[in-house]
Amino acid sequence: MKTVELKIPPPVVALVAAAAAWVASRSAPPLEQPRNIAILAAGSFALAGAAIALAGVIAFKRANTTVHPGKPQETSALVTSGVYRFSRNPMYVGLLLILVGWAAFLSSAWSLVGPFAFVLYIARFQIRPEERALAAKFGEAYAAYKAKVRRWL
């Protein structure tokens with residue numbers, strides 16, 4: 001099986017996207033809204049994202065399979081239960097929601113550039129190679145799972 005060479009780990013991609021969101025947010029005045037609303041929205045998105053990502057990690061640990069995003073070829077089980085019934089990539093969905101929370105905290109429409117960039121990068125350079133590795137390893141079982149469960153939500 002072909003090894004996937006991960007250039008940048010997803011958490012680092014998320015940090016770079018968060019920095020891009022911050023820089024972008026400084027290019028325009030903040031949205032007019034009460035600060036407590038922005039903080040509530042940010043916290044809600046971030047907590048939901050952390051919970052979804054953690055649920056994904058726990059599901060992998062219970063299945064005794066790797067959570068290392070750069071080594072999908074070391075996957076020992078196809079996890080389709082728990083949060084994986086709703087998303088094939090809950091850990092990435094979790095990171096995305098945390099970035100949306102950060103954008104809400106920054107209170108600038110321009111800060112959405114961070115989550116958008118994260119999705120583009122992760123879909124192209126992380127998810128696609130993972131999907132190829134999982135298809136090669138699990139064949140028809142992965143194809144059936146992929147047909148039933150969406151990539152994101």
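Which helix does Trp-22 lie in? Trp-22 lies in helix H1. The model is predicted: local features need pLDDT of at least 70, side-chain atom pairs count only at pLDDT 80 or more, and totals for chains, interfaces and linings use all residues. Residues are numbered from 1 along each chain as its sequence is written, and side-chain values use heavy atoms, without hydrogens and water.

**Overall fold**
- The protein chain has four helices and zero strands, where helices (H or I, at least four residues) and strands (E, at least two) are DSSP runs numbered from the N terminus.
- Along the principal axes, the C-alpha atoms of the protein chain fill a box of roughly 50 × 30 × 25 Å.
- Of its 153 residues, 39% count as buried, that is, under 20% relative accessible area with a 1.4 Å probe and protein chains only; exposed is over 50%, and partly exposed is in between.

**Around Trp-22**
- Trp-22 has a relative accessible area of 41%, so this residue is partly exposed.

**Largest pocket**
- About 460 Å³ of space lies in the largest pocket; a pocket is an open set of points on a 1 Å grid over the protein atoms alone, where a 1.4 Å probe fits, with protein on both sides within 12 Å along at least five of seven lines.
- The volume is the space filled by probe spheres set on the points, which are joined across faces, edges and corners.
- Lining residues have an atom within 4 Å of a point; of the 25 here, the closest to the centre are Phe-60, Tyr-84, Met-91, Tyr-92 and Glu-130.
- Helix H4 (113–148) is one of the elements that supply at least two lining residues, and H4 gives the largest share, five residues.
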